[in-house]
There are 2 protein chains.
Amino acid sequence: MAKEGIIARAKDYAQWYLDIVREADLADYAEVVRGCIVFKPTGYAIWEHIQSGLDARIKETGHVNAYFPLLIPKSFLMKEAEHVEGFAPEVAEVTHAGGEKLTEPYVIRPTSETIIGYFYAKWVRSYRDLPILINQWANVMRWEMRTRPFLRTAEFLWQEGHTVHASEAEAEAETLMILHDVYADFVEKEMALPVIRGLKTEKEKFPGALRSYCIEAMMQDGRALQAGTSHNLGQNFAKAFDITYTDHNNTVQHAWTTSWGVSTRLIGALIMAHSDDDGLIVPPRLAPVQVVVVPIFKNDAEKAVVMDAVKRITTGWKGQIRFKIDEREHLSPGFKFNEWEVKGVPVRIEVGPKDVDKGTVALARRDIPGRDGKSFVTQEGLTERIVTLLADIQTALYERALAFRADRSKTVTSYDELKAQIETGFAYCWWDGSNEDEKRIQDETRATIRCIPIDQPQGGGTCIYTGRPAKTFVVFARSY
Amino acid sequence: MAKEGIIARAKDYAQWYLDIVREADLADYAEVVRGCIVFKPTGYAIWEHIQSGLDARIKETGHVNAYFPLLIPKSFLMKEAEHVEGFAPEVAEVTHAGGEKLTEPYVIRPTSETIIGYFYAKWVRSYRDLPILINQWANVMRWEMRTRPFLRTAEFLWQEGHTVHASEAEAEAETLMILHDVYADFVEKEMALPVIRGLKTEKEKFPGALRSYCIEAMMQDGRALQAGTSHNLGQNFAKAFDITYTDHNNTVQHAWTTSWGVSTRLIGALIMAHSDDDGLIVPPRLAPVQVVVVPIFKNDAEKAVVMDAVKRITTGWKGQIRFKIDEREHLSPGFKFNEWEVKGVPVRIEVGPKDVDKGTVALARRDIPGRDGKSFVTQEGLTERIVTLLADIQTALYERALAFRADRSKTVTSYDELKAQIETGFAYCWWDGSNEDEKRIQDETRATIRCIPIDQPQGGGTCIYTGRPAKTFVVFARSY
């Protein structure tokens, strides 16, 4: 039975997503600022945990944070040919400031390759200055036509890494290291979401990149969501902004740069991958509240006894478990259970007078609805039990998503089979088509090549579309 | 002897500040984006530690983080009379987006009372929804005429808290709690900088506030720097944006709001309060690197022995001490000592072959230059010794700043005495003047009333300017 205010996934997946965002109190539409949202406290807290997990990995791999200006001289966008084509149509422009018209307009950064490239050109002189390994946490703005909370908003929050290297090999190694050790590792371990790591096709790559890599995850409607991208920019931006260095032989060389980013759309991915018809489900490692304790009492005498037990039970949790005791008095236990279910708290503990007598608590798992997820356990050893349970839930969510993806993935050998498969999931196939072929398939099916997975099968096959012998194995899907 | 590239404070304090910012590699001028800077990794890392100390206090006092849109419809600014006067002249305006002219321009937030007020009006219905206790970490933009790195930049980073309450008393309690428990506590304990807590005069208060409180710190040239402000906004914004709630008696009431913020100008305060002619000095609790270990060796054999000792010595430091081992081979120890001094690392440890033989290390305190700050200690018990030393340095910096402020503060009883005193420090005096009197004094002396300290002396005195009997004791100073 679905919750009030939440339509079933099977009935209307797109509406279900919006219902979850609203009922779990994650975001509000900023109707007065076109295409923008307010990240409400519950939604923003998930972002804070995403940031913390990513930031730790970004720093562990040798990067440091910095902050570059929000505004970019409009002419900067024009310096890299593909980049201007990709971003110029969707920028917001600042034309007046301090009461005066500006001689040259600024754009609000849609991404920062150009402004950061300008500074890197100033900072890099010799091979001794390399590599530069900098990341930035920032807001960016892209004036998109169709927006959806978290998944696509005019303003969004992200991290963007920008690095400079002395050789193509080093830039490529950086690009792949970020893909594997930062992005895939984070999304799989913390978000409990399996990803395909792959290379984007020429048609789908970042405007201005030499090669774009991505991680792609499957949502519960079988569509793909690009959860992170890492770009080897070659020497394109180094040439556009004149980032040069003097090498060991005293020769001036253009440098090699990379950029890579993940954004608040990860919150959308998290919602769509794990939640159910009862509301949000948050993986324990990212849950702002991992355990909610609901004391149950009918009068002050019961309250005293129960709250005493709750205090005893939760002693020592601080620093180990992120928990909340829901002491609100004007709401019934049933109302509270429902609210925390909708908000996706992984574990609920109920303590009533009978539990106090028996030395037990009721323990409910959010990921297994109803009776199957509920058990009655002794208060003794509860802390360790919960720590283990949270880890188990994290694993269970990952395994469930992995099994779901396996179930919805298929290798196809004809275009008709592909068309059928992408209605509900991922279609793997051999590919030897052109950009134009890819475009035609997109027009006909609304599916795109999500990536050329890094794990390629041996040998080759027949291209699904052209019938030519093909060496490249790709995955097609509809996507967010 | 001052360092190369850094002028002595006594010679030119303003230039000394800029020299420190450049030589310690804290920021770069973004000459292509007027009045903006790049927060370089060394400078941004200090901000990250500031954020972390503030964020912990903001959360401990019951607040949660959220994120509101960067852009504000221009008409929103006009809704509060004083607010528009204060901010409209210095906003940056977005007039075009997605290739089209907008029907109504947006401004980039100079502060967010108006856009947040709009949402609070939607969210608040009943007394049960109150209080709302939200904080936001964000970038803001004010098109200032004269800018200086960190102290005043067109774009800056800050936190802005925005709360809603059911009564004036609750709003006032929140405003003061933030002043004492969040801002003053943070700046004194983490930044090692004593502050005066006080109320702003009508002339100096925030545009749209009922009452503005502030913390004021003294820099090494005797000038004041406002390090944080907390505003009781009364019902001004609640009326402008119609933030109302139904009270216990089912009557609709306007709510009471507060706002409070500190920004990246704290980095400027930190530099100006503690640093010396040799470079930056960072208090240990905010230092991204607290201890630098410089191994000293002449050949590979020595290197092996020394690095072995360094590894042994630093075992167990991770998680306890933020440290860096400077293994760079193309630089001399002297060059490294100098670099880490300029960058303000609190403690330097030198380990050479002789130290390995004797089981000792050389240990240098950044806050006490030269021989006085250097000692030779046994490797045994070094970790505990360093932990204690870092705490001692933190205290020493605070005590030094406190003694300096005491030395440069004086109670004055005539206008002439005031004029002399504000040349080098703070002038305390009795006050019964008007806004116009305050303005005249500012024109004549460039000093303003920094605040009416919360700690007021008993009784009263004679107003320094009007000669009338006065009940209010104030502090005058020139300021940043």
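What rotation and what shift along its axis superpose chain A on chain B? I looked this up first. A rotation of 180° with 0.0 Å of shift along the axis does it, at an RMSD of 0.0 Å. I note that this is the relation of a two-fold axis. The superposition is by least squares on the C-alpha atoms of residues with pLDDT of at least 70 in both copies. In chain A, the C-alpha of Val94(A) is the nearest to the axis, at 2.1 Å.

**Basis.** The model is predicted: local features need pLDDT of at least 70 and side-chain atom pairs count only at pLDDT 80 or more, while totals for chains, interfaces and linings use all residues. Residues are numbered from 1 along each chain as its sequence is written, and chains are lettered from A and ligands numbered from 1 in the order in which they are written.

**Interface.** I took the contact between the chains next; two residues are in contact if their C-beta atoms, placed from the backbone, lie within 7 Å. Chain A gives 39 residues and chain B gives 39 residues. On the chain A side, the elements that each supply at least two residues include α2 (41-60), β5 (92-97), β7 (132-141) and β8 (155-165). Helices (H or I, at least four residues) and strands (E, at least two) are DSSP runs, numbered from the N terminus. β5(A) has the largest share of this side, 6 residues. I sorted the chain A side by class and got 27 nonpolar, 6 polar and 6 charged residues. Here Ala, Val, Leu, Ile, Met, Phe, Trp, Tyr, Cys and Pro count as nonpolar, Asp, Glu, Lys and Arg as charged, and the others, Gly among them, as polar. Of the interface residues of chain A, 100% are also interface residues in chain B, so the copies meet through the same surface.

**Sheet.** β5(A) and β5(B) pair in the antiparallel sense over 5 bridges; strands pair if DSSP finds at least two bridges between them. Val94(A) stands opposite Val94(B). Within chain B, 4 bridges join β5(B) to β6(B) (residues 100-108), which run antiparallel, and Val94(B) stands opposite Tyr106(B) there. The open sheet has 6 strands in the order β4(A)-β6(A)-β5(A)-β5(B)-β6(B)-β4(B), with antiparallel pairing. β4(A) and β4(B) stand at the edges with a single partner strand each, so one side of each is left without a neighbour in the sheet.

**Helix pair.** In chain B I checked α2(B) (residues 41-60) against α6(B) (residues 168-189). They pack at an angle of about 155°, with their axes 9 Å apart. The axes are lines fitted to C-alpha atoms, for helices over the stretch in contact, and angles run from 0 to 180 degrees between N-to-C directions. That makes α2(B) roughly antiparallel to α6(B), a label for angles over 145 degrees. α2(B) contributes Gly53(B), Leu54(B), Arg57(B) and Ile58(B) to the contact, and α6(B) contributes Asp181(B), Val182(B), Asp185(B) and Phe186(B). By class I find 4 nonpolar, 1 polar and 3 charged residues in this contact.

**Backbone.** The peptide bond from Leu130(A) to Pro131(A) is cis, with omega near -10°, and Pro131(A) lies in the loop between α5 and β7 of chain A. In chain B, the bond from Leu130(B) to Pro131(B) is cis, with omega near -5°. Phe150(A) is not a glycine, yet it has a positive phi of about 70°; Phe150(A) is in the loop between β7 and β8 of chain A.

How values were computed
Parallel < 35°, antiparallel > 145°, perpendicular 65-115°, else oblique.
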